[in-house]
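Could you walk me through this structure in the viewer, one selection after another? Please tell me what to click on and what is there.

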Amino acid sequence: MAFVENQRARIFWDEQGHGAPVLLIMGLGYTSDMWYRIRPVLAAHYRTIALDNRGVGRSEVPSGPYPIALMASDAAAVLDAAGIESAHVFGVSMGGMIAQEFALQYPKRVLSLILGCTAAGGPTAVRAEPEAIHMLLSREKMSREQAAEAAVPFIYDPATPRERIDEDIAIRRPWFPRPEGYAAQLQGIFGWEAYSRLGQITAPTLVIHGESDRLVAPGNAGLIAERIPGAKLLMIPHASHLFLTDQTEVSLHAILQFLNERAGIAGSAAGPEKEKEKEKVSC
């Protein structure tokens, strides 16, 4: 575990594994602990670097708002602290927005880009359903447990077993966000746009989205993939916003295949038993 100081905030980060570096950037109000379902497998083949975005977890909570570009600079500071010049960058939800901005601001530092369950902002973005927006804006009136439960219908597929959802909430519970940190991140999301600039991204890109996502509309994935030259699009059936929980094995197989191709590693570390699952998903 380590910290780096960047623009009025101490940012927590840690690393696991060895090999080509992979920078992991989590979403709104979530800490790096939420990579727990896939990080051990990634770390068996790659040097994973993960951070708590400013405002959550072990990182400091300075006064907001937190522009997405500011949080991208936090990620760059973490790579500097780790002594890494360039990395594969994987961001989900708000973390996918940070990853887009990172690729735009620091193009030479991006070996490849994975954008999960995210959007590019601006007037062209496909808006979330009104109930989802209401849920996000009403959280400050709820207890932390109530807020976590209120999000469930919007971020998990209806078929996902409740015990998997409870596992996620248990991981998050020690680090439920403080209201001021959550609000500062949310303000950063609402004030950000990258769609008009996505054509500038040159890194090999994989865009992943769950087909039943009610928080970030699935149509945003197509908009991003169409805009980034050569980007691959992966839509996962029976998966919502937290596709890494809804469809862990399918997601991990696709992620490892993409990274392995970029890193020149033969085969997929997810194992041959996943080939049938792979056939269900088009890329």
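Start by selecting Ala194, which is buried because its relative accessible area is 0%, under the 20% cut-off. Keep in mind that you are looking at a predicted model. Ala194 sits in the loop that links helix H7 (179–190) to strand S7 (205–210). Leaving aside residues up to four places away in sequence, Ala194 touches Gln100, Leu104 and Ala120.

**Helices H4 and H5**

Next, pick helix H4 (residues 130–138) and helix H5 (residues 144–155). Their axes come within 10 Å and cross at roughly 155°, which means that H4 runs roughly antiparallel to H5. The crossing of H4 past H5 is left-handed. To see the contact, show the side chains of Glu131, Ala132 and Met135 on H4, and of Ala150, Ala151 and Phe154 on H5. Sorted by class, the residues of this contact are five nonpolar, no polar and one charged.

While H4 is on screen, which of its residues are buried? They are Ala132, Met135, Leu136 and Ser138. The buried residues of H4 pack against both H5 and H7.

**On to H6**

Keep H5 selected and bring in helix H6 (residues 162–172). H5 and H6 pack at an angle of about 145°, and their axes are 11 Å apart. Here H5 passes H6 in a right-handed crossing. On the H5 side, the contact is made by Glu145, Ala148, Glu149 and Val152; on the H6 side, Arg162, Ile165, Ile169 and Arg172 take part. The contact of H5 with H6 holds four nonpolar, no polar and four charged residues.

**Helix H8 and its neighbours**

Now move to helix H8 (residues 219–227) and colour its buried residues: Asn220, Ala221, Gly222, Ile224 and Ala225. What do the buried residues of H8 pack against? Show helix H3 (94–105), strand S6 (110–116), S7 and strand S8 (232–236), and you have the partners.

**An aromatic pair**

A search of the whole structure turns up three aromatic pairs. For one of them, select Phe3 and Phe12: the ring centres are 5.6 Å apart and the planes lie at 65°, so this pair is edge-to-face. Phe3 is partly exposed, with a relative accessible area of 36%, whereas Phe12 counts as buried at 3% relative accessibility.

**Backbone stops**

Pro65 belongs to the loop between strand S4 (47–51) and helix H2 (68–81).

Then select Arg8, in the loop between strand S1 (2–6) and strand S2 (9–16). Phi of Arg8 is near 75°, a positive value in a residue other than glycine. Is Arg8 buried or exposed? At 55% relative accessibility, Arg8 counts as exposed.

Finish at His238, found in the loop between S8 and helix H9 (243–246). His238 is a residue other than glycine with a positive phi, near 55°. His238 is exposed, with a relative accessible area of 56%.

Methods: Residues numbered from 1 in each chain as written. Predicted model: local features only at pLDDT ≥ 70, side-chain atom pairs only at ≥ 80, totals over all residues. Heavy atoms only, no water. Axes fitted to C-alpha atoms, helices over the stretch in contact; angles between N-to-C directions. Helix = DSSP H or I, 4+ residues; strand = E, 2+ residues; numbered from the N terminus. Parallel < 35°, antiparallel > 145°, perpendicular 65-115°, else oblique. Left-handed = near helix turned anticlockwise from the far one by under 90°. Contact = heavy atoms within 4.5 Å. Nonpolar A, V, L, I, M, F, W, Y, C, P; charged D, E, K, R; others polar. Phe/Tyr/Trp six-rings, centres within 6.5 Å; stacked < 30°, edge-to-face > 60°. Buried < 20%, exposed > 50% of the residue type's maximum accessible area, 1.4 Å probe, protein only.
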